[in-house]
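This report concerns a predicted model. The headings below cover charged pairs, strand pairing and aromatic contacts.

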Amino acid sequence: MKKNTKLSGNTLNNSYFLPIASLIFSVAMLLVVGRAVANNAVLRSMFSCQAQGLGGVIPTIDVSYQQGTNLSFIQAGEVIKKVWLNDPSQVIMDFDGPVCMQFGATPNTNTEDCKNSAANVIQLRRIKKLNIPGLPTTSNTLLTVVTEGQGKNKLYTFRVLYGTGSPDYHTLAIFPDPAGKEAPCIIQR
């Protein structure tokens, strides 16, 4: 005697169940992986001409309390020669090597540290606002960087935006402009 183990209503129709379960699993994985990738974006990059604002847009850098943001000129092969930060009351800076330090009304670029500047990376971090007399409260500041590479000086300006949450990236990398092509950000007039 043969036993019938199939009970009506207790089996799923495999022809419908398997593709639907597979689709639901795939969508869930894409959402989880996509969110993890978005939350762990470590690098934002731009060409040198874009970072110099030659396309008519001032580039931005986000800084927050939670972690620092690096500005890297390594990929462009440039050395940082001088840096200005318009509002030093909310951002601190550090460098990966010596940078020209000048104080006072008469700059002297012939000093030993200015001749031997060797930094390629600036690390920016937001701090609790310091009360500096005469300095107005602002919602952002301007970072100016002068670099030297391949025998040329370049001037970069970045709008530094103050954030409170975790930034979307931790490094803004500046790349050389594409060789043999017109720069991707020069406006034709």
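## Salt bridges

With which residue does Lys81 form a salt bridge? The partner is Glu148, and the closest N and O atoms of the two residues are 3.6 Å apart. This pair links distant parts of the chain: Lys81 belongs to strand E4 and Glu148 to strand E7 (residues 140-149), 67 residues apart. Glu148 is partly exposed, with a relative accessible area of 34%.

The structure holds two salt bridges. One of them joins the side chains of Glu78 and Lys154, with an N to O distance of 3.2 Å. Glu78 lies in the loop between strand E3 (69-72) and strand E4 (79-85), while Lys154 lies in strand E8 (residues 152-162), so the contact ties together parts that are 76 residues apart in sequence. Glu78 has a relative accessible area of 1% and is buried. In general terms, side chains of opposite charge can pair when their charged atoms come close.

## The five-stranded sheet

Five strands build an open sheet of mixed pairing, and their order is E1-E9-E3-E6-E5. Strand E1 (43-47) and strand E5 (91-95) stand at the edges; each has a single partner strand, so one side of each is left without a neighbour in the sheet. On average, neighbouring strands of this sheet are turned by 20° against each other, direction ignored.

How much of strand E9 is buried? Four of the five residues of this strand (residues 171-175) are buried, so E9 is largely enclosed by the rest of the structure.

The pairing of E9 with E1 is parallel and runs over five bridges. Here the bridge partner of Arg44 is Leu172 in E9. The pairing of E9 with E3 is also in the parallel sense, over three bridges. Ser72 stands opposite Ala173 in E9.

## Aromatic contacts

A pair of aromatic rings is described by the distance of the centres and the angle of the planes. The count for this structure comes to two aromatic pairs. Phe73 and Tyr156 form a tilted pair, at 5.0 Å centre to centre and with 55° between the planes. Phe73 lies in the loop between E3 and E4, and Tyr156 lies in strand E8, so the pair ties together parts that are 83 residues apart in sequence. Both Phe73 and Tyr156 are buried.

Why is the pair of Tyr156 and Phe158 stacked? The ring centres are 6.2 Å apart and the planes lie at 10°, so the pair is stacked; planes under 30 degrees apart count as such. Tyr156 has 0% relative accessibility and counts as buried. Phe158, with a relative accessible area of 0%, is buried as well. Together, Phe73, Tyr156 and Phe158 form one aromatic cluster.

Technical notes
Residues numbered from 1 in each chain as written. Predicted model: local features only at pLDDT ≥ 70, side-chain atom pairs only at ≥ 80, totals over all residues. Heavy atoms only, no water. Salt bridge = Lys/Arg side-chain N within 4 Å of Asp/Glu carboxyl O. Helix = DSSP H or I, 4+ residues; strand = E, 2+ residues; numbered from the N terminus. Buried < 20%, exposed > 50% of the residue type's maximum accessible area, 1.4 Å probe, protein only. Pairing = 2+ DSSP bridges. Axes fitted to C-alpha atoms, helices over the stretch in contact; angles between N-to-C directions. Phe/Tyr/Trp six-rings, centres within 6.5 Å; stacked < 30°, edge-to-face > 60°.
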